[in-house]
Amino acid sequence: MEKEIRPLKLQQVKVTDPLFGHYINKVSEVMLVHQWKALNDELEGTDPTGCIKNFRIAAGLQEGERQGVVFLDTDLYKWIESAAYCIAIGSGTQFEGKIDQVIDILEKAQEKDGYLNTYFQITAPEKKWTNLVEGHELYTSGHMIEAAVAYALATGKEKFLQIAMRNADLICRVFGTKKGQIPGVPGHEEIELALIKLYRWTRDDKYLKQADYFVRQRGTAPNYLQNEIDGRKNPEFFPEFRNYSMKYAQAEKPPVEQTEAEGHAVRAMYLYSAMADLAKWQQDKEMEKACDRLWDNMVGKRMYITGGIGSSGFLECFTTDYDLPNSTNYCETCASVGMMMFGQRMAALKKNASYYDTVERVLYNTILAAMNLEGDRYFYVNPLEMIPQFCTENTYMDHVKPVRQKWFSVACCPPNLARTLASLSQYLYACDEKGIYINQFISSTLSVDNSGREIFVELKSALLTDGTVDIRISTLQATDIRIRVPAYAKDMEIALDGEKFSYIADNNYAVIALKGGKHRIELNMGVHPRFVAADHNVRADAGKVAVMHGPMVYCLEEADNGQNLSDIYVDTDANLLKGKAYEEFPGEVPAIEYEGYRVKSVGIEDGSLYGEARFTKKPVKIRAVPYAFWNNRGIGEMEVWQNISI
């Protein structure tokens, strides 16, 4: 195949950005320490997880009963993956000893044939591979493989990788259509991504073929997952699966035939990401067209302005086109992580920068909002409107929390956040045999020997303040620099070595052919705060606008604008002014200030709920802050979409 667009090694990039640097530093300084305590049942104020303990029991090093959800093992694997990325970027050496000790336990726990899963080894050894719908065995193996590859890349140590490969080899033997194999697929996709990563590490075709099998077998007749459900009658682990649908598992039809983003949003993102990988590695045009359809449906009709996906609080699912409620939505953090993964792979597959617009939208909004500034509290669900007193238990709002949580019984989101932030540089740059791609405008440095070209890049971004980016490049030989032209930068100007540079966008990249030597590229994005409306089919946002500045979505908070934010109306002709940044927020990101009105009902008699339609309208000054920072100043109301005054 032709030379691929590939991310750079984490060691080759250093993020210096004051905004994202803050969060990346929190991964090693706070998040991994906090999460390690949770994994070892040492986190005060939370129930014991039993995670590390389960592995010790499986290894015969401790007695007891297994604790936690069936896929609890993955919390450890994602923690190792996150720590590996921190080691790679130079901030996680303190975790290496802990990881090596855990790997020794994993080696003792692994069975001779390669099997490793604490639930089925300790609690139900006779049920291995019998409940692919709910058991998460393949999902769990996938996260183990991804962690093992990350650790080998970061340290050069391959003991964990050998453990993971023995497990992967077992999976290749067990699953397939040959005599004696199980013609099954995972209920929760993930193993596909992991096998492709293992293929890239080993170049052993069997792993790529196994990933391809899991994708292509899905949704075919006879439908393995449906037959499992029919034979079991009742759910074994998850009571909510009583009305399990093949759409929920993206298994109603083969993935290459699917046209709409459906079912559990996280599962969908992992499947679609693997499909994009397979389309690229196997030059599979049928798979590529399926990815195109699914991406277009999701981004064009089923995605929130923040980049969040999965609007249903029931089963964490996509629903239907334009169904995007703001206060009851789910938008699981893990789904946003998966969205970034899918977007990155689509950009590499299509060689088109436009996919990074969506990656950027997700990164600047849902990903940052999912954790607090200190790095020790997390959102699982990411609403776009919050009235704290309405978020009551055992109601339709039970899934929405008015404040970030210390930990979760299903704790997939915190380690997923950690591994995403620790490996953020993979989304900033890429390369091919001709040169470097600049995909995000986040202050950073890059040093790489690319196809014999030694290249050094220093990028200083003021995207969120004045819309400018300064790029200094040193290269010994001629090289191409491809710079993403964001959709919001309609009038982007480029200066090369002090002279205006006229460019023609190629797949939404501005291409600059540099000669050897030192060069300076200056970008002016023409970024200003703006009002944004939704398609008129999004009923929840009819008659409303949101405020954006560059890729950042803004919101109103009670702390700035008082209670009853729904009383506030804005004139879309109002001037949006950049205000002073809050000192407690990183990155010097400005607040946005503008004029509006409070419309209050005054025709209601005391004690009545309804009455005469009489209103007062008073001018108010409105202050909006980045959605990324909401709920860092106490509990209060929040809204993204605001009423318009006509």
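Student: How many bridges join strand 6 to strand 7, and in which sense do the two strands run?

Tutor: The model is predicted, so local features need pLDDT of at least 70 and side-chain atom pairs count only at pLDDT 80 or more, while totals for chains, interfaces and linings use all residues. Residues are numbered from 1 along each chain as its sequence is written, and side-chain values use heavy atoms, with hydrogens and water left out.

Strand 6 (residues 444-450) is joined to strand 7 (residues 453-462) by seven bridges, and the two run antiparallel. Strands here are DSSP runs of E with at least two residues, helices are runs of H or I with at least four, and both are numbered from the N terminus. Two strands count as paired if DSSP finds at least two bridges between them. Within this pair, Leu 446 has Val 457 of strand 7 as its bridge partner.

Strand 7 is also joined to strand 8 (residues 468-475), by eight bridges and again antiparallel. Here Phe 456 has Ser 474 of strand 8 as its bridge partner. Strands 7 and 8 form a hairpin with five residues between them, and Gly 467 in the turn has a positive phi of about 75°.

These strands belong to an open sheet of seven, ordered 2-6-7-8-14-10-11, with antiparallel pairing. Strand 2 (13-15) and strand 11 (499-501) are the edges, each pairing on one side only. From one strand to the next the twist averages 20°. Further along the order, strand 10 (residues 493-496) and strand 14 (residues 517-524) run antiparallel and are joined by four bridges; Leu 496 has Ile 521 of strand 14 as its bridge partner.

A six-stranded open sheet has the order 1-4-5-9-13-12 and mixed pairing. Its edges are strand 1 (6-7) and strand 12 (505-506), each of which pairs on one side only. In this sheet, strand 4 (residues 429-432) and strand 5 (residues 435-438) pair in the antiparallel sense over four bridges, with Asp 432 opposite Gly 435 of strand 5.

Two helix pairs complete the picture. Axes are lines fitted to C-alpha atoms, for helices over the stretch in contact, and angles between N-to-C directions run from 0 to 180 degrees. Helix 3 (residues 73-88) packs against helix 15 (residues 413-422) at about 20°, with the axes 8 Å apart. Helix 3 is therefore roughly parallel to helix 15 (angles under 35 degrees count as roughly parallel, over 145 as roughly antiparallel, 65 to 115 as roughly perpendicular and the rest as oblique). The crossing of helix 3 and helix 15 is left-handed, a term used if the near helix is turned anticlockwise from the far one by less than a right angle, with clockwise giving right-handed.

The axes of helix 2 (residues 51-58) and helix 4 (residues 96-109) come within 8 Å and cross at roughly 45°, which means helix 2 is oblique to helix 4. The crossing of helix 2 and helix 4 is left-handed. Ile 52, Phe 55, Arg 56 and Ala 58 of helix 2 meet Val 102, Ile 105, Leu 106 and Ala 109 of helix 4, a contact with seven nonpolar, no polar and one charged residues.

Technical notes:
Contact = heavy atoms within 4.5 Å. Nonpolar A, V, L, I, M, F, W, Y, C, P; charged D, E, K, R; others polar.
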